[in-house]
Amino acid sequence: MRIYLIGAGVIGRSHAEAIRKLPSEESIELKVADPNPKALAAFMEAYPEAAAYSDAQAMLAEHANEDDIVIVGTPPFTHFELARMVLETGRHVLCEKPLVMNGEEAETLFEIAKRQNRLLGCCSDRFLGLPKTEEVKSLLQSQALGDVYKISFVYRVQRGRAGVEYQPESKWFLDRAKSGGGILIDWGPYDFTVLNDLLQPESVDVVAAWMSQPKTQIDPTDTKYDVEGHVGATLKYNLADGKSVWLQYERATCTHGEAYHHVEVEGTLGAVKWSPYFETDQVVFKQDKEGQVEAKESQMAHAGPYGVMDHPIYYFYLKVKGLESRAVINEQAVFNFHCLQAIYDCAESGTSKTVSKLRD
Ligand SMILES: NC(=O)c1ccc[n+]([C@@H]2O[C@H](COP(=O)([O-])OP(=O)(O)OC[C@H]3O[C@@H](n4cnc5c(N)ncnc54)[C@H](O)[C@@H]3O)[C@@H](O)[C@H]2O)c1
């Protein structure tokens with residue numbers, strides 16, 4: 001089969017590494033396109049098995065096969081046009097996060113994917129399937145927490161801005177017209193993919209939201225820098241059984257306040273705290289024992305050949321092959337994106353926004 005990569009930058013190389021691990025019985029032909037000769041040369045040095053192109057359209061000009069996959073691994077402002085072009089060539093598209101720049105683009109892509117009978121996937125599923133988060137899911141499903149009423153999802157980093165402290169060479173992160181936003185558009189795709197997978201909401205109300213851009217003495221002045229560094233929102237998750245769960249959401253990639261993270265689900269019978277990402281594999285379940293809080297801790301490390309950076313193409317590959325998979329595609333990819341968009345809209349307008357599940 002053939003896998004095409006559009007973008008030979010940091011994430012393009014990470015996908016190429018993952019493609020080498022795919023379980024395919026058949027051989028996989030890798031092709032890559034990037035107009036930047038330096039990026040392309042560095043990629044080809046690491047992955048000489050690939051065929052290199054300077055132009056994505058030229059790369060995709062050949063006849064499409066039924067199981068061709070194209071990964072869009074370029075900055076967000078290019079995702080929509082590239083993904084549309086890919087779908088129009090009759091190929092499945094797996095788009096890096098954030099899926100696109102706004103809700104209309106997400107809807108349009110999904111319409112084209114349906115018309116073309118192709119899959120629209122989003123790489124925001126990197127952190128799905130980790131044993132620790134699956135354990136939290138099974139605690140929720142088994143009613144061990146009773147009625148779940150509140151989730152805290154807080155990640156506060158003091159100096160971790162993409163384009164400044166992280167990957168400073170990629171200045172596009174700082175320009176909203178290119179990135180779509182700051183910390184919310186960068187990490188929110190993962191956050192709401194994990195949360196929506198856990199809770200499977202019918203709809204989500206963004207009741208209140210705010211965002212800010214804390215200043216530092218090293219703020220870039222030679223490039224456009226208009227993205228938020230700190231965001232918060234209060235959301236109500238409306239579940240299929242008619243119950244609701246309140247979510248207190250906060251993300252900072254720049255703050256003068258304390259750095260900490262806290263992710264915890266609270267119910268009438270118990271609470272569970274864990275980290276959906278890299279910080280720890282510990283899952284702490286608390287419940288009452290004769291009037292006292294009893295805590296049980298377990299370590300749930302992720303093992304196996306596929307790490308989190310391998311998951312997007314691995315899951316999407318399984319989906320394309322018709323196998324069981326955790327891939328986030330189509331309606332779910334669009335719904336997850338709309339949750340982010342609703343937070344931006346609510347913060348900007350000061351009015352609440354509702355995101356409802358898409359139905360065919
Ligand atoms: N860097 C990370 O750690 C990371 C992790 C997960 C997801 N992502 C996502 O991956 C995407 C790309 O990020 P990155 O860090 O790899 O950026 P990057 O700046 O390292 O690389 C982007 C590459 O895309 C190329 N490009 C731009 N327009 C193109 C086009 N029309 N056709 C082909 N190539 C084109 C650029 O020349 C560049 O080489 C973003 O959506 C980002 O959010 C990045």
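Seven nonpolar, four polar and five charged residues make up the lining of the second largest pocket; here Ala, Val, Leu, Ile, Met, Phe, Trp, Tyr, Cys and Pro count as nonpolar, Asp, Glu, Lys and Arg as charged, and the others, Gly among them, as polar. Colleagues, this is a predicted model, in which local features need pLDDT of at least 70, side-chain atom pairs count only at pLDDT 80 or more, and totals for chains, interfaces and linings use all residues. Residues are numbered from 1 along each chain as its sequence is written, and side-chain values use heavy atoms, with hydrogens and water left out.

On a 1 Å grid over the protein atoms alone, a pocket is an open set of points with protein on both sides within 12 Å along at least five of seven lines, a cavity is a set where a 1.4 Å probe fits but cannot get out, and lining residues have an atom within 4 Å of a point.

The second largest pocket holds about 330 Å³ of space, the volume being that filled by probe spheres set on points joined across faces, edges and corners. Of its 16 lining residues, Leu 140, Gln 143, Leu 199, Leu 239 and Asp 241 lie nearest the centre.

I turn now to the cavity. Where does the largest cavity lie? Domain 1 (2-126 + 311-329) and domain 2 (131-303 + 335-356) both contribute to its lining, so the cavity lies between them; these bounds come from an automatic or database domain assignment.
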